[in-house]
Every structure is written in structure tokens, then in C-alpha cells.
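Here are my notes on the model, point by point. Please read them with the coordinates open.

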Amino acid sequence: MSMTLTPGQVPLQVLERFYRDGQPDSQMVQVDPASRTAVDAAAARIRAAATGSEAVYGVNTGFGKLASQRIDAADTTALQRNLILSHSSGVGPPLDDAIVRLIMLLKVLSLARGASGVRWSLIEHIERMLKAGVSPMIPAQGSVGASGDLAPLAHLGATMIGEGEATYDGNLMPAAAALAAAGLEPYVLGPKEGLALINGTQVSTALALVGLFDAWRGAMSQLVTGALSTEAAMASSTPFRAEIQELRGHQGQIEAAAMLRSLMAGSEIRESHRTDDQRVQDPYCIRCQPQVTGACLDVLRQAANTLRIEANAVTDNPLVLSDGTIGSGGNFHAEPVAFAADQIALTVAELGSISQRRVALLVDPAMNFGLPAFLSPSPGLNSGFMIAEVTAAALMSENKQRANPTSVDSTPTSANQEDHVSMACHGARRLLDMTQNLHQIIGIEALVAAQGVEMRAPLKTSPRLQVALSIIRGSVPALEEDRYMATDLKLAAVLVNSGVLTPAIGDVMPELV
């Protein structure tokens with residue numbers, strides 16, 4: 001995949017493709033060379049300020065509480081290098097290389113807007129690292145989401161100057177060795193360049209974007225498994241009628257119902273009980289799928305809009321403005337990202353909640369309209385999906401607890417200079433685990449619903465859901481008798497992670513943006 005990107009105008013679809021591609025040597029990324037004019041002009045303004053008499057934060061002064069300390073022009077390089085080394089204070093497990101590469105791309109896009117004052121050579125250096133497959137080792141913990149993601153982004157800067165650790169060709173090694181193996185020299189920082197590298201929201205934004213991408217994939221997959229569950233329960237499709245949704249008017253609800261109708265069109269199972277069914281209404285986990293999943297789609301789109309803007313934003317400080325002045329502001333404060341992460345977390349918890357309730361419905365002989373207990377052909381001797389449902393319940397509850405908002409928290413840091421922070425970074429990072437939990441819940445629903453649909457034979461489900469069934473059965477066979485279940489559940493989660501179920505939706509599947 002070769003991409004020339006225009007800073008400030010990169011759509012989320014491009015960022016998702018970049019993140020999911022996963023092969024460094026196939027990701028030839030560069031920013032539009034037309035951006036260089038603005039970058040060079042801002043860099044020249046910063047160079048002049050570094051030798052000038054006026055105090056300019058982070059250019060010829062110290063940082064944070066030390067901003068009143070003037071720095072000699074001769075110490076500019078040492079100032080920026082020391083900043084990177086001292087701020088490389090991240091802890092915890094390293095972020096995955098795919099996330100790190102997305103962070104690097106977001107940093108390039110921000111710096112190339114031409115307001116940060118870095119040289120074009122710095123942007124080129126990150127591009128070369130991306131092309132060569134040098135990924136800084138960035139610890140996951142240590143950012144409070146203002147002033148930017150200081151600690152984790154410092155580890156990016158450290159690799160660039162040959163400090164810290166990085167992965168190259170699949171191996172973790174000293175950063176200097178990784179650069180050398182890739183044929184790259186350590187970068188020598190100029191005025192403000194260390195500050196521009198660490199003073200931004202790119203780590204929080206990248207983590208939130210990955211959570212968003214995986215949450216949307218989960219929502220699409222859950223519509224497929226929800227339709228299968230509706231079939232397995234021999235439930236009514238009347239609640240999915242278009243007019244019901246249009247009378248309310250929410251876009252996500254209208255789209256979710258349209259997808260459910262498309263998935264179930266032509267089902268023999270549905271036609272078999274359209275008349276003479278003594279049940280008046282189905283449980284909410286079946287009947288209210290358009291309302292719940294649709295609301296989640298709407299909220300995810302709200303978060304997507306915020307993150308699209310942030311991914312294209314300039315978020316360091318100070319900034320070189322269009323009139324040539326250098327102004328200090330607060331674009332590094334990641335409050336928009338923190339709110340978006342909280343929104344995504346709520347949708348992930350809700351999608352898992354309603355999916356788990358359908359699993360519980362289908363294994364319960366009092367509720368599943370004639371299917372055997374726990375969907376075992378021989379219940380009693382066999383326990384079937386009894387504990388798979390419990391696992392889904394455990395993951396659901398874990399996600400509900402994690403969905404509590406992080407954006408309402410704050411604590412003063414840096415001797416009270418940075419006295420209100422966003423907590424966006426760990427608010428976004430939790431989404432990695434939450435979406436994996438969600439995908440596992442949906443995977444369990446896929447297995448349970450497929451088993452239930454097949455137990456309705458000789459009646460057949462719809463053509464689209466037969467496609468989904470064949471995909472599921474291509475990975476996990478039907479449960480005839482008890483077997484080691486963990487392998488089945490792992491394979492089912494992969495079906496959701498990979499997105500292979502969603503093509504069954506067809507051309508009515510909507511875009512995230």
C-alpha cells in the first residue's frame with residue numbers, strides 16, 4: 001500500500017487500512033511534498049526565536065514549571081535531547097507495533113501541517129522509520145493526557161535519537177542497533193523538535209482509533225449473530241419493519257433494522273411460524289436490536305467525527321501562527337479524545353450486554369421455544385454451552401465495569417503547572433481489552449445461534465445467513481457432544497476479529513463515516 005497523504009485531510013478509512021495492513025514493507029507512506037513550504041517557513045521562525053532575545057517557551061526556556069529558566073542558544077540541542085531522555089518515563093507492557101506505527105503516522109500528519117516549527121528532515125526521518133520497519137518500544141502507561149502524551153511520545157523521540165529500544169525485523173533491540181540495521185542514522189534534534197515530538201495527543205488518539213475500528217467491526221458482526229439468534233429463537237421479524245424505525249427517525253436504528261431485514265430475507269424458519277404463533281412479543285434482546293445496536297452506531301459515529309478531526313489536528317505547543325507569531329495554547333489537552341473514548345466504551349459495553357442476553361435466551365429451555373437445554377443434543381450427559389454462556393456473562397460484566405467514564409477524573413501534575421488533565425490515554429487504552437471481550441462475546445453468540453438454527457432443520461434459514469453459517473462451520477463444527485470448549489471459543493472470537501462475518505450483510509452495510 002503506497003500512500004501520499006495531505007495533512008489535515010486524511011479520512012479514517014485510510015488510517016484503518018494503514019493500521020490493519022500490518023506489513024511495514026508494504027506501507028510506503030509520505031506526506032504531500034506541497035506541505036514542505038509551510039513546514040520550512042515555521043522552522044525558520046523557530047530557528048530565529050532560538051537565538052533571539054524574547055523568551056519563547058520550549059525554544060529558549062525550560063519546560064513546565066521550569067519555563068522561567070532561559071536557555072543559551074548554544075544549548076538548544078542539549079535542551080531538546082535532555083527533554084526526550086527525561087520524559088522517557090513510560091512503564092508497563094509495550095504497545096503493539098501496529099499501534100506504534102499508527103502513532104508515528106499521526107505524528108507525521110500533525111507536524112506536516114506546518115505549525116509546529118520542526119524541520120522537514122524530522123518528518124522524513126519518521127517516514128523512513130515507517131518504511132524500514134523500525135518501531136519504537138513505547139510502554140503503555142504513563143500519560144495523563146495533558147500536556148499531551150508526554151511519556152509515551154518521548155519513547156518515540158528516544159528511538160529517533162538512538163536511545164531506548166525498538167523492534168526491527170520482529171526483534172526487540174537497542175534503538176541505535178535497530179536504526180543501524182535499517183540503514184538509518186540517529187536524528188539530531190533542532191530547536192523545539194523534542195518538544196514538538198512529545199507534546200501532542202497522538203498516543204491517545206491512536207488507541208482510541210483502534211478501539212473505534214474494532215468496536216465498529218464488532219457492531220457489524222453482532223448484527224449477523226443477532227439475526228442468527230432471532231432465527232434460532234424463531235422470533236418475529238415484525239419489530240424490524242422499516243416504518244417502525246422511520247417513525248422514530250434515528251439513522252443508526254433505521255440502518256440496523258435494514259441490515260436485519262436483509263440478513264433474514266427468504267428464511268424458511270421465519271415463514272414457518274408467521275401465523276399461529278402463540279407468542280405475542282419477543283424479549284427485548286431480540287425485539288429491540290435496532291434500537292440498541294442502532295444507538296451504538298450513532299454514538300460510534302459521533303466519536304468517529306471527533307477522532308477524525310483529532311487525527312488531522314496540530315496538538316503541540318507553542319505553535320507558529322499564520323502571521324509569524326509564536327503562540328502558546330493548550331491543543332495538547334486531550335479532552336475531546338477522552339470524551340470519545342468514553343463514548344466508545346459505553347457502546348462496547350452495551351453491544352456485549354445485549355449479545356450476552358441472546359446467548360442466555362438460547363440456552364434456556366424455558367425461553368428458547370423448543371430447543372434442548374444448553375443446545376446439547378443429549379443434555380444431562382452433556383452440558384453443551386452451559387459454561388460458554390457463563391463466560392459471556394463474565395466478559396459482559398467486566399466490560400460494564402470498565403465502561404465507567406475516565407474523563408471525569410483529573411489530578412494536578414508538574415508542581416501544579418498542569419493542574420487539569422484529561423486521562424484520555426488510559427481511557428482509550430482500556431478499549432483494546434474491552435473490544436477483545438466484545439468480540440469473544442459475539443463469537444460465543446455465533447456458535448450458540450448457529451447451533452440453534454441448525455436444530456431447526458429441515459427448515460432453512462435465509463440465503464445470507466446460510467453464508468454466515470458456512471463461515472462459522474468452516475472454523476468450528478457443530479457441537480454433537482461435549483468437547484474441549486476453549487479452542488472453539490478462541491476460533492469464534494477470531495471470526496469476529498477478522499471481520500469475515502460481515503460480508504453476509506451485503507450492500508446495505510453502512511460505513512462508519
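1. Start with Ala 468. Setting aside neighbours within four places in sequence, Ala 468 is in contact with Val 224, Leu 228, Leu 501 and Ala 504, where contact means heavy atoms within 4.5 Å. Ala 468 sits in helix 18 (residues 463-475). Its relative accessibility is 0%, so Ala 468 counts as buried. The cut-offs are under 20% relative accessible area for buried, over 50% for exposed and partly exposed in between, with a 1.4 Å probe and protein chains only. Ala 468 and Gln 356 lie 112 residues apart in sequence and 19 Å apart in space, C-alpha to C-alpha.

2. A word on the basis. The model is predicted: local features need pLDDT of at least 70, side-chain atom pairs count only at pLDDT 80 or more, and totals for chains, interfaces and linings use all residues. Residues are numbered from 1 along each chain as its sequence is written, and side-chain values use heavy atoms, with hydrogens and water left out. Helices (H or I, at least four residues) and strands (E, at least two) are DSSP runs, numbered from the N terminus.

3. Helix 15 against helix 17. Helix 15 (residues 335-363) packs on helix 17 (residues 424-454) at an angle of about 20°, and their axes are 9 Å apart. Axes are lines fitted to C-alpha atoms, for helices over the stretch in contact, and angles run from 0 to 180 degrees between N-to-C directions. Helix 15 and helix 17 are therefore roughly parallel. Angles under 35 degrees count as roughly parallel, over 145 as roughly antiparallel, 65 to 115 as roughly perpendicular and the rest as oblique. The crossing of helix 15 and helix 17 is left-handed: the near helix is turned anticlockwise from the far one by less than a right angle, while clockwise would be right-handed.

4. Helix 17 against helix 19. How do these two pack? The angle between helix 17 and helix 19 (residues 485-498) is about 110°, with the axes 7 Å apart. Helix 17 and helix 19 are therefore roughly perpendicular to each other. Their crossing is right-handed. On helix 17 the contact residues include His 439, Gly 443 and Leu 447; on helix 19 they include Asp 488, Ala 492 and Val 496.

5. Helix 9. Its 31 residues (202-232) should span 45 Å at 1.5 Å a residue, and the end C-alpha atoms are 44 Å apart, which agrees. The expected span is 1.5 Å times one less than the number of residues. Met 234 follows helix 9 and has a positive phi, near 50°.

6. Helix 5. This helix (residues 120-132) has 13 residues and reaches 18 Å from first C-alpha to last, close to the 18 Å expected. Among its buried residues are Trp 120, His 125 and Glu 127.

7. Backbone points to check. Most residues other than glycine have a negative phi, and most peptide bonds are trans. Leu 375 has a positive phi of about 60° and is buried, at 0% relative accessible area. Asn 416 also has a positive phi, about 70°, but is exposed at 53%. Which peptide bonds are cis? Ala 146 to Ser 147 is cis, with omega near 0°, and Ala 457 to Pro 458 is cis, with omega near 15°. Pro 458 lies in the loop between helix 17 and helix 18.
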